[in-house]
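Try each task before you read its solution.

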Amino acid sequence: MIIFKKAEGLRKWLDLQVEKRNEIGFVPTMGALHKGHLSLIEKSLENNKVTVCSIFINPTQFNDQKDFQNYPVTIEQDIYMLQKAGCDCLFLPSIEEIYPQGISEAKKIHYDLGFLEDILEGKFRPGHFQGVCLVVDRLLRIVEPGNLYLGQKDYQQCMVIKKLIELTGMKTSIVICPTLRERDGLAMSSRNLRLTESQRKNATAIFRALNDIKDNFETSDPAELKSRSVSQLESAGFSVDYVEIADAENLLPVTSADNKQVVALVAAFLGEIRLIDNMQIN
Ligand code: PAF
């Protein structure tokens, strides 16, 4: 696996791939890789001649500085995992490489994400999606991939990046890959590394709450299901940002079981650690 720290070197290498008409698949990450990330790499390897992964803990998408400072870093292990998975290229840029104009200057760009920015993750993490767009915009302009691989665990982020690609007119296709779960149902996440042993046990309450919604959606009032889930999560020690049952297409809340495609979404804190998850309901 070839590793680049500078965009210029990476671009030169990618230009050679383009000359050879090699299709490029791209998996952007913030490191602390787990099997979920590897499933994106595998999917990209299957469908592209060349797979590029990036690891960059993006400061502009953290609305909470403590979360940024405590974000797990496991770079040596990440490189080992990527190499073993057969990834062709790793982009490992510095903050200056991604934001050469400086962070405050970069943050002057505004992406018109419409209501997506004001609901769910957007509401509870102000500025988060603008930061995601900033970094993904920059990365996509450097890598210019044919296919971009994203995890369904970040459901709203997938919608935001789709919107970003529409706004910028880039010619990248998004491939959304299913959430990978631990044996007890906990969605794989880099943040799981920060859970204590007892928090880790209680964390499965999210999966149970989502399953409860799924199992009872056809016969119950969504408002009742949501408040029952909040109680279940609180009993397991969570402080809940939201439990929402929404239209899978536009994330607007659903009020009856009539909707065709529905997704339930949860964000909640266990101590200082914020976990998110979602489940397709029908
Ligand atoms: O999902 C993530 O890990 C990040 O939000 C992303 C897409 C790599 C942008 O920093």
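For the classes used below, Ala, Val, Leu, Ile, Met, Phe, Trp, Tyr, Cys and Pro count as nonpolar, Asp, Glu, Lys and Arg count as charged, and the others, Gly among them, count as polar. Keep in mind throughout that this model is predicted.

**Exercise 1. Find the residues around the ligand and sort them by class.**

Step one is to list the residues around the ligand, which are Pro28, Thr29, Met30, Gln61, Val135, Asp154 and Gln157. Step two is to apply the classes, and the residues of this shell then divide into three nonpolar, three polar and one charged.

**Exercise 2. Describe the distances from Gln61 and Gln157 to oxygen atoms of the ligand.**

For Gln61, an N or O atom of the side chain is 2.6 Å from an oxygen atom of the ligand. For Gln157, a polar side-chain atom lies 2.7 Å from an oxygen atom of the ligand. To finish, consider the surface: the ligand taken alone exposes 290 Å², and the protein buries 89% of that.

**Exercise 3. Locate the space that the ligand takes, and describe its lining.**

Begin with the cavities, of which the structure holds two of 30 Å³ or more. The largest cavity, with a volume of about 880 Å³, has 50 lining residues, and the closest to its centre are His37, Tyr71, Lys153, Asp154 and Gln157. The space taken by the ligand is this largest cavity, and Asp154 and Gln157 also belong to the residues around the ligand.

Next, turn to the elements: strands S2 (24-29), S5 (147-151), S8 (262-270) and S9 (273-280), together with helices H2 (35-47), H8 (128-143) and H9 (155-168), each supply at least two residues of the lining. The largest share, six residues, comes from H8. By class, the lining of the largest cavity divides into 25 nonpolar, 18 polar and seven charged residues.

**Exercise 4. Which residues line the second largest cavity, and which element gives the most to its lining?**

The second largest cavity has a volume of about 50 Å³. Its lining is made by Lys153, Leu186, Ala187, Ser189, Asn192, Ile206, Leu275, Ile276 and Asp277, and S9 gives the most, with three residues. Sorted by class, this lining has five nonpolar, two polar and two charged residues.

Conventions:
Residues are numbered from 1 along each chain as its sequence is written. This is a predicted model: local features need pLDDT of at least 70, side-chain atom pairs count only at pLDDT 80 or more; totals for chains, interfaces and linings use all residues. Side-chain values use heavy atoms; hydrogens and water are left out. A residue is near a molecule or strand if one of its heavy atoms lies within 4 Å of it. A polar contact is a pair of N or O atoms within 3.5 Å; within protein, one must be able to donate a hydrogen and the other to accept it, and residues adjacent in sequence count only if both atoms are side-chain atoms. Accessible areas come from the Shrake-Rupley method with a 1.4 Å probe; for residues, only the protein chains shown count as cover. On a 1 Å grid over the protein atoms alone, a cavity is a set of points where a 1.4 Å probe fits but cannot get out, and a pocket is an open set with protein on both sides within 12 Å along at least five of seven lines; lining residues have an atom within 4 Å of a point. A molecule sits in a cavity or pocket if more than half of its atoms lie within 2 Å of its grid points. Grid points are joined across faces, edges and corners, and a volume is the space filled by probe spheres set on the points. Helices (H or I, at least four residues) and strands (E, at least two) are DSSP runs, numbered from the N terminus.
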